[in-house]
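Me: Hi! I have a structure to look at and I'm new to this. Can you walk me through it?

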Amino acid sequence: MEDKRKAQETERLKSAVKDHIEHDIGRDPAYAGAFDHYLGLSNALRGRLMERWVKTQRSYYNKDVKRVYYLSLEFLIGRTLGNTMVNLGIENECTKAIEGLGHRMESVREAEWDAGLGNGGLGRLAACFLDSMATLGIPAYGYGIRYEYGIFCQRVNNGYQVESPDNWLRYGSPWEIIRPNHLFPVQFYGRVNQYIDSNGKLKNEWVDTEDIMAMACDTPIPGYRNNNVINMRLWAAKASRAFDLNFFNSGNYIQAVEEKEKSECISKVLYPADHIMEGRLLRLKQQYFFVSATFQDIMRRYEKDGAPFDNLPNKVAVQLNDTHPAIAIPEFMRILVDLEGLPWEKAWEISVGTFAYTNHTVMPEALEKWPVSMFENLLPRHLQIIYEINRRFLEDVWRRFPGDFDKVRNMSLIEEGPEKMIRMANLAIVGSHSINGVAAIHTEILKEQLFRNFYEMYPERFNNKTNGITPRRWLKKANTSLSDLVTEKIGDGWVTDLDELKKIAPLAEDTAFRERWIEVKRANKKRLAAYIKGKNDISVDPDSMFDVQIKRMHEYKRQLLNLLHVITLYNRIRGGKGTEIAPRTVIFAGKAAPAYWMAKLIIKLIHSVADVVNNSIDAGNKLKVVFLSNYSGSLAEKIIPAADLSEQISKAGTEASGTGNMKLSLNGALTIGTLDGANVEIMEEVGRDNIFIFGNTVDEIMNLRMSGYNPFQYYENNPELKQVMEMIRDGYFSPENRDLFKPIADSLLYHDTYMLLADYESYISCQEKVGELYKDRDEWAKKSILNVAKMGKFSSDRTIREYAREIWGIEV
């Protein structure tokens with residue numbers, strides 16, 4: 001009966017795909033290509049999603065549930081087709097339907113563009129959380145911006161990163177539902193009109209504003225095989241009709257078009273360049289734009305039944321994903337006080353009870369700040385509200401810590417200086433009932449260092465929620481062969497309860513199982529090797545160790561330390577020690593921000609080192625270096641299943657958590673890393689014997705700093721390091737321009753902000769242990785199996801359960 005049902009489902013899908021191709025796309029199915037079939041299948045599945053979505057939304061109203069609103073400037077959802085097939089439980093039927101229509105499913109899936117809605121870990125985490133909220137049946141909505149252009153497409157020209165527009169919506173998105181009936185005005189500029197009303201109360205009215213419309217664009221997010229579909233609502237900027245008509249009616253048609261384009265650019269680009277004032281202004285506009293539209297939508301939904309505002313925190317939970325949406329706090333106060341007429345004290349009680357804030361950084365310089373002058377011009381009423389929040393808060397600080405001027409100055413929402421700045425993290429902390437870090441060590445740093453004063457003031461507000469990843473995408477979908485092997489042995493309960501993976505731990509001692517494990521990994525490596533050959537024209541050996549570092553290019557992530565090790569290996573091979581070294585393919589991928597000159601120079605150095613190493617007769621197949629351009633979610637799904645070694649080597653105390661470390665471990669890669677972010681908890685779960693830990697700890701780094709860190713001393717005392725640094729500095733890898741990489745060498749020798757030289761010797765020693773273990777394929781496989789078996793804690797389902805129970809007040 002089950003086989004008959006599946007066969008019928010396959011035929012229904014075939015028919016639906018053909019119908020969509022013919023009736024919606026306007027193509028003859030007999031001549032339709034892979035992209036047409038992608039559109040046809042996506043539309044067929046979207047119809048099923050919408051049926052479930054309607055029932056899900058209806059159930060929220062029928063049950064009068066508390067709703068969660070997850071506000072994030074990024075949702076890096078990647079490609080949607082594969083995830084939808086997996087979560088609907090019809091992947092095999094879809095594949096057979098497409099094959100029955102004469103196409104390969106792989107070609108159809110490759111026709112989909114990655115959604116350009118994020119840049120890195122922040123957005124990928126948000127996407128994992130939506131998947132978990134849908135799977136756990138939490139009444140939730142994701143809110144953000146519908147960027148027309150993503151971060152950028154990265155090309156490499158002569159080793160240099162070149163950016164071009166990521167026009168991911170060039171052909172539209174079949175998953176998107178445009179909602180022109182959900183259109184809200186968003187105000188900017190103007191002035192505040194203060195007056196006394198008929199009851200003798202002071203009133204504030206924001207008037208003479210420039211308005212831009214926010215239009216809702218929805219994407220359904222399905223849970224795993226539970227008929228539950230939640231909503232990701234993104235806002236697109238549209239010019240207001242009145243704004244356009246003013247120019248058209250005066251005959252200035254060109255100006256009308258220009259102003260329309262100017263107003264709609266708010267949702268054009270993810271992360272405009274913020275090193276120039278225009279880019280910073282646009283970034284602030286983006287933040288307020290999506291927050292304002294979101295709260296109009298939240299209030300519209302809440303006020304449908306005429307519920308009293310006192311009860312709002314019992315029905316609405318708003319989670320701020322980092323400080324980007326923190327402007328929501330004064331915006332909500334403006335709504336409650338100015339528009340709804342609530343007394344300040346009552347409004348503040350409701351507001352604090354509604355908001356929760358997730359912090360994603362431990363570096364003070366990364367905490368978001370905005371010039372007071374920019375706020376005063378763009379959002380004058382919000383500046384007044386922030387000043388009033390600050391006044392009342394500092395009075396509380398003074399009462400709690402009388403005479404402590406340093407505390408008052410450090411905790412103030414306003415940073416004094418030549419240019420006054422608004423500290424958005426301080427605003428988020430003061431205005432939220434919960435502040436959480438995203439890894440245990442990260443949260444301790446927040447409490448003991450970064451936000452110590454606030455922790456003393458509000459200890460009950462601080463808590464930890466270690467990040468997680470969705471096993472549906474990052475194992476079941478991304479690594480089907482390993483997923484199938486695990487399911488064959490322990491069943492498929494792990495897909496929604498990742499702790500079930502513990503059941504494969506005993507199989508690490510099973511010789512036959514280890515052999516199958518090795519075969520799965522090698523097949524994945526062969527696929528990636530073929531991709532590398534096609535993309536980069538570099539031949540790599542699938543039997544070599546695939547040593548992977550895939551993440552945003554940033555000095556604190558220390559891709560440069562990895563490269564120092566590559567050069568060290570190269571020198572050892574040249575020196576006749578090649579027979580002692582396990583063959584290794586070092587794979588980099590990641591984008592540098594367009595204005596981040598040093599990160600872009602490091603990309604150039606990686607390519608220059610690769611040119612030397614990959615063309616070296618001495619190195620041969622012992623060592624290869626590969627940089628895969630235009631890193632994305634779909635590229636990650638090619639690399640991660642093939643990885644043997646996961647490089648998580650940031651300086652201890654700089655990475656909040658990381659989720660790439662979890663994805664790679666879940667797919668059987670062993671980790672080499674510092675005691676930073678979630679590496680600490682991964683070590684606790686897998687055991688010290690199954691992870692490679694090196695480098696200075698947070699406390700040791702602090703002591704080094706206090707004693708006067710001198711990177712030049714490490715250079716002088718380590719001959720191998722000295723040789724590597726001189727090769728970089730003196731032009732060994734850039735004979736056409738010998739000073740090209742001198743800024744990198746100088747930065748390390750005279751500053752070394754992220755202490756690469758202090759960790760170099762420990763890192764090289766640890767890498768030697770990695771190489772030795774890799775020669776013992778059986779022992780490596782055992783540790784790989786145990787890593788996967790101990791990944792249960794790092795499911796985003798666990799993380800979201802903790803958010804729901806401990807922050808949002810929702811039982812799951």
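Reply: Happy to! One term to begin with: buried means under 20% relative accessible area, exposed means over 50%, and partly exposed is in between (1.4 Å probe, protein chains only). Another: helices (H or I, at least four residues) and strands (E, at least two) are DSSP runs, numbered from the N terminus. This is a predicted model, where local features need pLDDT of at least 70 and side-chain atom pairs count only at pLDDT 80 or more, while totals for chains, interfaces and linings use all residues. Residues are numbered from 1 along each chain as its sequence is written, and side-chain values use heavy atoms, with hydrogens and water left out.

Me: Switching topic: which residues touch the most other members of the largest nonpolar core?

Reply: M133 and W808 do, in a core of 120 residues. A nonpolar core is a set of buried Ala, Val, Leu, Ile, Met, Phe, Trp, Tyr and Cys residues joined through side-chain atoms within 4.5 Å. Helix α9 (residues 277-302) gives this core its largest share, 11 residues. There is also a second, separate core of 72 residues, including I567 and F733.

Me: What does W808 touch?

Reply: Leaving out residues up to four places away in sequence, W808 touches K66, V68, M133, I138, A317, Q319, I800 and Y803. Contact here means heavy atoms within 4.5 Å.

Me: How many bridges join β20 to β21?

Reply: 4 bridges join β20 (residues 645-648) to β21 (residues 670-673). Q648 has G673 in β21 as its bridge partner.

Me: What about aromatic pairs, how many are there?

Reply: The structure holds 31 of them. Rings of Phe, Tyr and Trp (its six-membered ring) pair if their centres lie within 6.5 Å; planes under 30 degrees apart count as stacked, over 60 as edge-to-face and the rest as tilted. F513 and W517 make a tilted pair, 5.7 Å centre to centre with 50 degrees between the planes. Both lie in helix α21 (residues 511-536), 4 residues apart, about one turn of the helix.

Me: Is F513 buried or exposed?

Reply: F513 is buried, at 2% relative accessibility. W517 is buried as well, at 4%.

Me: Which pair links distant parts of the chain?

Reply: Y570 in helix α22 (residues 559-577) and Y732 in the loop between α29 (719-729) and α30 (742-750) are 162 residues apart. Their ring centres are 6.4 Å apart with planes at 55 degrees, so this pair is tilted. Y570 is buried at 5% relative accessibility, whereas Y732 is partly exposed at 33%.

Conventions
Pairing = 2+ DSSP bridges.
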